Structure formats: C-alpha cells, structure tokens
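Here is a short briefing on a helical packing question. Look over the sequence and the model first, then read on by topic.

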Amino acid sequence: MTSVAADRQHVAQVPSLRAIAGLALPALVVLAAEPLYVLVDTAVVGHLGRTPLAALAIGGTVMSVAAWLGVVLAYGTTGRSARRYGAGDRAAAVAEGVQASWLAFGAGVLLAVAMQFAAGPVARTLAGSHPEVAAAATQWLRLAVLGAPGLLLAAAGNGWLRGVQDARRPLYYVLGANVLSAALCPVLVYPLGLGLSGSAIANVAAQTAAGGLFVTALVAERVPLAPQPALIRRQLVLSRDLLLRGLAFQASFLSATAVAARFGAAAVGAHQISFQLWSFCALAMDAVAIAGQALIGAALGGDQAAIARRLARRIAVIGAACGTVFAVLIGAGANVLPQMFSADPQVHAQAMAAWPWFVAMQPLAGVVFALDGVLIGAGDVRFLRDLTLAGAFLAFLPAVWTVYAFDLGLGGVWAGLTLFIVVRLAGVLARLRSGRWAVVGAVR
C-alpha cells in the first residue's frame, strides 16, 4: 500500500475512544507540564524572600503572554497540518510545521529584543510603588525572555506533530525540557549563588532545549526548510482570528476579577479560588479539544465529511462526560476544596455563593471546549472568533457590569460566566448541526 493510501486508510473510519485517548492523554501531560514546573520554580524562588518571589510573579505574568501566543500558534498549526496529513500528503503537513516554525522563531526573536527595552517600564508599571521589586523583575525578564524563540518553536512543533497524529514526541520533548529546568533551577539559584537570575537561566535553557528538539524533528523529515511567505501569511490570518478570540476571553476574565474585587477582599479571594479550580478543569478538558483538532482535521483532509460529523458528536459526548465528572467532584468537595486554599470563613461563605454556578457550568463547558477543538480542527476559526466576541461583548460584559451596578455579589459574577458558556454552547451546537463547518479538502 502506498503512503498516500495508508494515510487515507488511517482516517477512513471513526476513531475509537482508544485513538482519541491516545492523543488526548499525552496532550494533557504536555498541558500540565508547564504549570507544574511553575510551581517548582515558585517554591525554589520563594525561599529567597518576598522581593524575589514578587518579582517572579510579575515576570511570569509578562512571560505568560508569550506562552499564550504559543498556544494560538499550536492550535492554528494543528488543524492545517492535520488536513494535509488526512489528504495523504505528510510532506505538506510537515511543511505547515516548517512555516509555523519560521513564524514562531521570528516572533520569538522580536519579543526577546523588544523586551530588552520594555522590561523596565513594564515591570515598573506592574510593581507600582515597589522599586526593589521592579528592579528584580526587570533583571529576570531580560534574561527569561531570551527563551521566547525556543518556547514558540516548541509550540509550533507541538502543532504540526499533533497534526500528523504523533503525540508521543511532544510528550517526551516537553517533559524532558521541564525536567531539565526543574533540575537546573535549584542548583543555579542556591549552590551557584545566582539567585533570581538562576531561575531565569533555567527557564531559558529548558525552552531552548525544547525548541531545538522540535527543530531536529523537522529536519529529520527531510522536507524543504526555506520560508514560504505566502504560506506564512495564511497562517497569520488564522492566528489573527485566534488572537482576537483570546483577547475577548482576557477582557471577560479581567472584568470578572475586577467586579469581584469591588465586592471586597473575601469575594475576590473566593473568586480566585474558584477561578483557579475552573482553570484546572479547563486545562484537562482542553486535552479532549486538542485530540479533536488533530482527528477532525485529518478526517476532513481525507474527504471524510460524514466521519468527521460522527467524530464531532463522539468528541462532544466525551467532553460532556468529562465535565460531568468534574461537576460531581466539585459539588462533593464544596466543603473541602475552599478550605485547602484559605482558612478565612468569610472567603468560604463567598465561595459558596459562586459554587452552584461553578458546578452547573462544568458539563456545559465540557461540550463547549470539545466542540471548540472540533471547529478549530476544521479551520472554522472565523466563526469561533465571531461567536466569542459576541458572547463576550454582547452577553457577558454587559451582564457582569450589571451585577456590579446592582450589587448582586459574587454569585452574580459566576452567573454571568455561566451565561457566557451557555451563549457559546448554543452557538457551537447550532454550528455543529448545520454541517457548514465540515468542509473537506487538504486546504480550507
């Protein structure tokens, strides 16, 4: 059987639960690796004192922008690469990764250079009236941002490897890099006496190593490595839509925190607990979405629209099941989970105002996240962009500021977040039923 025929055979039937899990579980480990490393880094730096820890918090917040850009790049690359792979053209699928890697490298270098000049003003703005924190954060940022090219190259590599249905190499590369960083960080910070700078250097070493591993994987494919500006421009359009969608989320989440803060310290503390737990659940459910991106893209690239539609329904059911499991666990842990984060009874009381909404949204969110992955894999990103912008600016933001105006408390904030999920759920379900997303072919 030729390689083209073999690749088409690969997507000729609806992938089993085992096949979906084979992509979702490694993706979950990759998604969890970075937050777990951040915990290690925080624990190491935390023993240096309050100022270095505060500086790390500020620097890490700025670097999270680079990580967010990487997620956008990876998601866009997965769908395009998977379509090419499903069409039986692995070389073209890898070529998407080559061009995404050029885009990633260029963006990373630009960010690294720009931050040498911007680190000081940004750190001073975020640190406020604490010049010693701003100075330490500036030093950390100028070093840590040198890892941005490697960070974004790793994101592009994750994207194209998932597109060709290879979830194992990203797992090994990302875990290996994070283990390297976790081992280097305490050694550089303490025995070698580099302090906070040691943390930044460990980050750079790990991110550069990960980026190098993904580049090596590209070179091993023996495809042309020269940049193709036309293809890069098409990838930029896709990234633009994903970025706009992401900005709508950021505006919504920042507004939710701002409104919660206006109800007092206990309310914003309870909101932080609930939101971080929600973010953890979202991280787990995103793994299903990533599997959906890769498998849907491959099915549509292989001209298997009917299979893609059946697969989309299966992924939605899996998302609902995952969300239901989280709902049961969160509901059962209502009297325990908040106490793991705070001993303040007022914080607990505020958390209980948010908790029913937090529990109720989980099954709905599971379906939304799963179908987000389906539509991203199908290249239907413009629809997702428009739906998210509409949900944020026409539903959630008016709702959450109404909650503030009428003093409806933290429960109102979380009712607004649930409304945001419901609007998106209605949109993605309507899109799924319409079938307009299921456009076949190697390129959409």
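Ile296 is found in helix H10. The model is a predicted one. Ile296 counts as buried, at 0% relative accessibility.

- Leaving out residues up to four places away in sequence, Ile296 touches Ala308, Leu311, Ala312, Ile315, Val374, Gly377, Ala378 and Trp437.
- Ile296 and Gly163 are 133 residues apart in sequence, yet their C-alpha atoms are 9.8 Å apart in space.

**H10 against H11**

- The axes of H10 and H11 come within 10 Å and cross at roughly 175°.
- The two helices, H10 and H11, are therefore roughly antiparallel to each other.
- On the H10 side, the contact is made by Phe280, Cys281, Ala284, Met285, Val288, Gly292, Leu295, Ile296, Ala299 and Leu300.
- On the H11 side, the contact is made by Ala305, Ala308, Leu311, Ala312, Ile315, Ile318, Gly319, Cys322, Gly323, Phe326 and Ile330.
- By class, the residues of the contact of H10 with H11 divide into 18 nonpolar, three polar and no charged.

**Met285**

- Met285 also lies in helix H10.
- What is its burial state? Met285 counts as buried, at 2% relative accessibility.
- Not counting residues up to four places away in sequence, Met285 touches Gly319, Cys322, Gly323, Phe326, Gln362, Ala365, Gly366 and Phe369.
- Met285 and Gly108 are 177 residues apart along the chain, and their C-alpha atoms are separated by 28 Å.

**H9 against H10**

- Helix H9 spans residues 229-261 and helix H10 spans residues 265-301.
- Their axes come within 8 Å and cross at roughly 150°.
- That makes H9 roughly antiparallel to H10, because an angle over 145 degrees counts as such.
- The crossing of H9 and H10 is right-handed.
- Phe253, Ala256, Thr257, Ala260 and Ala261 of H9 meet Ala267, Val268, His271, Phe275 and Trp278 of H10.
- This contact of H9 with H10 has eight nonpolar residues, two polar and no charged.

**Thr257**

- Thr257 is found in helix H9.
- Thr257 is partly exposed, with a relative accessible area of 32%.
- Beyond residues up to four places away in sequence, Thr257 touches Val268 and His271.
- Thr257 and Gly269 are twelve residues apart in sequence and 9.7 Å apart in space, C-alpha to C-alpha.

**Nonpolar cores**

- The largest nonpolar core has 84 residues.
- Which of its residues touch the most other members? They are Trp278, Ile296, Ile315, Trp355, Val413, Trp414 and Trp437.
- The elements that give two or more residues to this core are helix H2 (17-46), helix H3 (50-86), H9, H10, helix H11 (305-332), helix H13 (345-377), helix H14 (381-405) and helix H15 (409-434).
- H10 gives the most to this core, with 20 residues.
- Apart from this core lies another, of 22 residues, among them Leu56, Val62, Met63 and Ala123.
- Leaving aside neighbours within four places in sequence, Trp278 is in contact with Phe253, Phe358, Met361, Gln362, Phe369 and Trp414.

**Loops and backbone**

- Most residues other than glycine have a negative phi.
- Gln165 has a phi near 65°, a positive value in a residue other than glycine.
- The place of Gln165 is in the loop between helix H6 (148-163) and helix H7 (168-189).
- Is Gln165 buried or exposed? Gln165 is buried, with a relative accessible area of 17%.
- Arg222 has a positive phi of about 55°, although it is not a glycine.
- Arg222 is found in the loop between helix H8 (196-220) and H9.
- Arg222 counts as exposed, at 78% relative accessibility.
- Gly49 has its place in the loop between H2 and H3.
- Gly49 is partly exposed, with a relative accessible area of 27%.
- Gly49 and Leu242 are 193 residues apart in sequence and 38 Å apart in space, C-alpha to C-alpha.

Technical notes: Residues numbered from 1 in each chain as written. Predicted model: local features only at pLDDT ≥ 70, side-chain atom pairs only at ≥ 80, totals over all residues. Heavy atoms only, no water. Axes fitted to C-alpha atoms, helices over the stretch in contact; angles between N-to-C directions. Helix = DSSP H or I, 4+ residues; strand = E, 2+ residues; numbered from the N terminus. Parallel < 35°, antiparallel > 145°, perpendicular 65-115°, else oblique. Left-handed = near helix turned anticlockwise from the far one by under 90°. Contact = heavy atoms within 4.5 Å. Nonpolar A, V, L, I, M, F, W, Y, C, P; charged D, E, K, R; others polar. Core = buried A, V, L, I, M, F, W, Y, C linked by side-chain atoms within 4.5 Å. Buried < 20%, exposed > 50% of the residue type's maximum accessible area, 1.4 Å probe, protein only.
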